[in-house]
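Please go through this model by question and answer, giving the cut-offs along the way.

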Amino acid sequence: MKETTHRIEFGDFQTPLSLAHDVCDLLLKEGVNPDFIVEPTCGLGAFLIAAQEKFPCAQGIYGFELNPSYVAAFREQALPILTKSVNCMTQNFFTVNWAAYLECQTPGKLLILGNLPWVTNSELGQLGSDNLPRKHNFQAHVGLAALTGAANFDISESMLMTLAQALKNRSAHLALLVKTAVARKFLKTVRSQQLAVSTAYLAKIDTKLHFNANVDACLLYIQFVNQPTAQLTAYVVYESLDKTTGKTVVMQDDGVIADWNVYQKFSYALGTSPQKWRSGIKHDAALLMELKRQSDGTFLNGLGEQIEIEQTYLYPMLKGSEVANAKPWTNRWMLVPQQFCGENTAHIESIAPKTWQYLTRHSMVFENRKSRIYRNKPQFSVFGVGDYTFKPWRIAICGMYKKLAFHLLGPTNGKPFVFDDTVYYIAFDKQAEAQRVLACLSSDVGSSVLSSLIFWEDKRPIKTALLNRFDWSLVDKSLSAATEQHVFEFA
Ligand SMILES: C[S@@+](CC[C@H](N)C(=O)[O-])C[C@H]1O[C@@H](n2cnc3c(N)ncnc32)[C@H](O)[C@@H]1O
């Protein structure tokens, strides 16, 4: 197996000893003083080494690791120089009965310490790996979730849940390095499952520096308590292990607030957006539907075919990256065969016969689209079309980028812009109205209140659900109109 594949499959990012020391120092500062320390996926054992140095009073330090060569390396290189006995064994996390093990082997103050694998079940699926929890309906991912991809979960998420169940009704500290999104998701579950936790925080780590990786990861610290009434409703996300600056996250029934202090100041502007935010068009046939106009008036599709079709169903198109980076339009067009979802497309044949010919020539591509949303729908159906698609003015933002930048776009070539489905937008008939709304969205109040709801480490941090909560009509009407530079300039 290639080393990189192995690294991916086992989410293998070995912690440098210096970072393991820093984590232990932080725990010491907070008065964590365990009798027993368990490292559930200990790798080469950096946390085991740091723990035996920093917690000299611990009676037992136990490490588990799937990869026998890591265990062998630890036994050969680290064990002989350790002053204290540390037990390290080859063991698959998913075959351990954690509740029984922790109860028997760790009868005292317990610290679960370490760094869990950084890999998702779908990455494992692509590798054909079976490094997965035993088949169980983890987080009840069924039906729609499986359809939308929500059934994708991190292996560490499943490990955290297993450990949390094993820690029910006992006091223990947990300090594990995990992806930040996993930590947040897990704390949401802690709240929804009413697990008894008195304190929790996240402290971000510089993964580029420590792991040479571009992953948003953190130390997840949780104090489990043996008091069923203790319920977690808030936690702080610190910028680093020194815990000097941080934001308070508050978990509520109707959503999670990313920055409570800012939210409290500006939440008067929350309610229901006067206009529903829409996603760009989903068609799953980019090679055919997205066309580049050539200087001779013909179009080039993604298959390299030069085609001649009518303008009737063509709209100027911007991709999410172009919207996010305010790139000039590159004469890309999208074929939009429907005016509204579910519209019968048969009439295209008489209105635009060349377009119909083009579509029918490639009908197999449309029929073979995998997503179930296209089943039992008219031929060449797309999603994300309605009257809003065809209004001339729009304010757009790309959901995938880590910046809150709204752009105002007017029509070009007499037609409104359309987008791929990573873009969210609201549409207007009149430029002046669009400019007024852009001013509200870009105002201090708009960007602050929206930022207070955004978790930037998410893959798609900006979502329609949060955009739909900003009621711009509540923002001071006297806001000056948007300046010209907000309007897209085209070369
Ligand atoms: C992110 S690395 C961290 C290693 C170690 N905890 C550290 O801090 O250096 C994750 C480790 O989990 C191990 N691992 C992956 N799947 C495992 C499983 N099912 N059971 C036990 N260990 C596993 C990998 O081999 C790897 O050593």
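Q: In which sense do strand β8 and strand β9 pair?
A: This is a predicted model, in which local features need pLDDT of at least 70, side-chain atom pairs count only at pLDDT 80 or more, and totals for chains, interfaces and linings use all residues. Residues are numbered from 1 along each chain as its sequence is written. Strands are DSSP runs of E with at least two residues, helices are runs of H or I with at least four, both numbered from the N terminus, and two strands pair if DSSP finds at least two bridges between them. β8 covers residues 234–238 and β9 residues 246–252, and their five bridges are antiparallel.

Q: Which residue in β9 stands opposite Y235?
A: Strands of a sheet pair through backbone hydrogen bonds, either parallel or antiparallel. Opposite Y235, the residue in β9 is V249.

Q: Which strands stand at the edges of the sheet?
A: The open, mixed sheet has 10 strands in the order β3-β2-β1-β4-β5-β7-β6-β8-β9-β10. Two of them have a single partner strand each, so one side of each is left without a neighbour in the sheet: β3 (87–90) and β10 (255–257).

Q: Is G11 buried or exposed?
A: G11 is found in the loop between α1 (3–9) and α2 (17–29). A residue is buried if 20 or more other C-beta atoms, placed from the backbone, lie within 10 Å of its own, exposed if 12 or fewer, and partly exposed in between. Because G11 has 22 C-beta neighbours inside 10 Å, it counts as buried.

Q: What distance separates the C-alpha atoms of G11 and D154?
A: Along the chain, G11 and D154 are 143 residues apart. Their C-alpha atoms are separated by 9.7 Å.
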